[in-house]
Amino acid sequence: MVPTLFGLISIAVGLLLLVRGTSLDLLRFMMISTLFSGSSAITMTALGGSAISPAHLALAFLIARILLPGSGEYSRIAPAVSVNGFLVFYALYGAVTAFVLPRLFAWQMYVAPLRPVTITGLFDTVPLVFTTQNITTAVYMVGSMLAGVCATIVARKPDAPRKIVATVCFMGWAHAFFGVLGVILTNIGLGDVLNVFRNGSHAQLEQSYNGMVRMTGIFPEASFYASYAFTLFVFAFECWMRDVRPRMTGVTALVLLAVLIFSTSGSGYLSLGAYGALMIVRLLLLRQQLSPRKALVVVAVMLTGLIAALSMIMLVPALADQLGEMFEHMTMDKADSDSGRQRSFWAMQGWHAFLATYGLGIGAGSFRSSSLFMAALGSMGVIGIVTLVCHIINVFKPLRASTYSNPKDERLATGAAASWTLVSMLIPASISAASPDPGVTFAVMAGLALEWRRLRSQARVPRRPTRVAAASPMAPAAPRTRS
């Protein structure tokens, strides 16, 4: 176990917040640490060089703060575990399958490993055996579960919604800054400067297409970068629609939208397209409430983008052709590319494993997928996929009115935004997730939504004096005043 520079910084900040801060401060620190998902805080040499991310290291300090004597959080642990029951079962069952099922079905099928150390071809496979990646995935899944439970515990604090919204907006600006900075540095020949942040075990992929620099920031690849930006965008936009700190969230959503447009990521474009279609359905069929002023702003942004695109076609046709070719390659031609065929092959492994094991699965971390649902299906079988879907429904609450309205209570409004963010995260996860672990950000959004949507508005309607009370002979007479 070897700590890196990021690990030492995380330990220093974590210790400071453990002594001088609150559990809410540590939750925000953990969320900010997810910006460095391509970094390694601690390298586990005994597990083949697997990395502990800064977010998971920050999670350890958050758990310690909650369990600290005198923290006042003990009474909230059991309710938080109960409300996150589906996620708790999903993670613990996944951890059990990671140790049991690869041994049960060892050498009975070939799979593409989760961490291709010795694989060189696009479709190379190895015999199914128990590996260190089963251990790593089990630990990550338990970590995601603990992150969700901790988020639910901390969400009860009175100032949690406002501070969490401010934190997500800060993360959005920082993520956009690193993305633009990476493009600028690459264009001037200093692209390797940001590689100091990419010391994790993720593979570093090609960062350009036909001479165009792809936006990756401090993440390993453009797809990962765009998926993260999409998550932050949806949360900020959903908060803006519900008048939750609208100035801050509105500007943040606009900046992240621009980042997604220029990210050159197929996952980002598909996610935006699917979310846009979902918004149309919400507005037309589900009667999603949107004030006339906000509807006018949305239309104005769309028209501005359309005018900008038409102006580019007319004034700079060469650049427009290059961007159009890039967009076509990243979306419509993706399925026929080597990358698209490889992702399809990885995803179908889950279905083949599900059939080969008669619905039981071959264990979390046993193979590499490119879809969260296919990874859960092939790794944990019927039990895993059903539990995951139940958790999503429990968070989203599709039959509750606050899901589609704009509650006046800030907690309910922010909780509804978090639930929509979780559902929207499933769009990129369905086409790019490598393992059944939903991730820390997914779990945190779920934990926050479950707690904030569980609490009802504390505002009370002022009562009118009843006639019975006014006519009661025992009621004291009102003092007379002289005119």
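**Aromatic rings**

I started with the ring cluster: ring pairs link F6, F36, F177, F178 and F197. My pairing rule takes rings of Phe, Tyr and Trp (its six-membered ring) with centres within 6.5 Å; planes under 30 degrees apart count as stacked, over 60 as edge-to-face and the rest as tilted. The model is predicted, so local features need pLDDT of at least 70 and side-chain atom pairs count only at pLDDT 80 or more, while totals for chains, interfaces and linings use all residues. I number residues from 1 along each chain as its sequence is written, and side-chain values use heavy atoms, with hydrogens and water left out.

By the ring rule I get 18 aromatic pairs. I looked up F219 and Y228: this pair is tilted, with 5.2 Å centre to centre and 45 degrees between the planes. F219 and Y228 are each buried. For burial I use relative accessible area: buried is under 20%, exposed is over 50%, and partly exposed lies in between (1.4 Å probe, protein chains only).

Next I took F396 and W420. Their ring centres are 4.8 Å apart and their planes stand at 85 degrees, so I log the pair as edge-to-face. It links distant parts of the chain: F396 belongs to helix α14 (residues 372–396) and W420 to helix α15 (residues 410–432), 24 residues apart. F396 and W420 are both buried. Helices (H or I, at least four residues) and strands (E, at least two) are DSSP runs, numbered from the N terminus.

**S419, in α15**

I then checked S419, also placed in helix α15. Is S419 buried or exposed? S419 is buried, at a relative accessible area of 0%. I set aside its neighbours within four places in sequence and listed its contacts: V395, F396, A449 and R453. Contact here means heavy atoms within 4.5 Å.

**L388, in α14**

L388 sits in helix α14. Its relative accessible area is 2%, so I mark L388 as buried. Beyond neighbours within four places in sequence, L388 is in contact with Y90, L372, F373 and A376. I also took the C-alpha to C-alpha distance from L388 to L377: 9.9 Å in space, for 11 residues in sequence.

**Cores**

Which residues have the most contacts inside the largest nonpolar core? They are L27, M30, L62 and F233, in a core of 108 residues. Helix α8 (residues 222–241) gives the most to this core, 14 residues. I define a nonpolar core as a set of buried Ala, Val, Leu, Ile, Met, Phe, Trp, Tyr and Cys residues joined through side-chain atoms within 4.5 Å.

Leaving aside neighbours within four places in sequence, L27 is in contact with L62, A151, V154, I164 and L448.

**α2 against α3**

Helix α2 (residues 23–33) packs on helix α3 (residues 54–67) at about 170 degrees, with axes 8 Å apart. Axes are lines fitted to C-alpha atoms, for helices over the stretch in contact, and angles run from 0 to 180 degrees between N-to-C directions. I therefore note α2 and α3 as roughly antiparallel. The cut-offs are under 35 degrees for roughly parallel, over 145 for roughly antiparallel, 65 to 115 for roughly perpendicular, and oblique for the rest.

From α2, I find S23, L26, L27, F29, M30 and S33 meeting P54, A55, A58, L59, F61, L62, R65 and I66 of α3. By class, this contact has 11 nonpolar, two polar and one charged residues. Ala, Val, Leu, Ile, Met, Phe, Trp, Tyr, Cys and Pro count as nonpolar, Asp, Glu, Lys and Arg as charged, and the others, Gly among them, as polar.

**Backbone checks in loops**

Most residues other than glycine have a negative phi. I noted W107, not a glycine, with a positive phi of about 65 degrees. W107 is in the loop between α5 and β4. W107 is exposed, at 63% relative accessible area. K397, also not a glycine, has a positive phi of about 50 degrees. K397 is in the loop between α14 and α15. K397 counts as buried, at 17% relative accessibility.

Q108 lies in the loop between α5 (85–104) and β4 (110–111). Q108 is exposed, at 56%. Q108 and T357 are 249 residues apart in sequence, yet 9.8 Å apart C-alpha to C-alpha.

**Whole chain**

The protein chain has 17 helices and seven strands. Buried residues make up 49% of its 483 residues.
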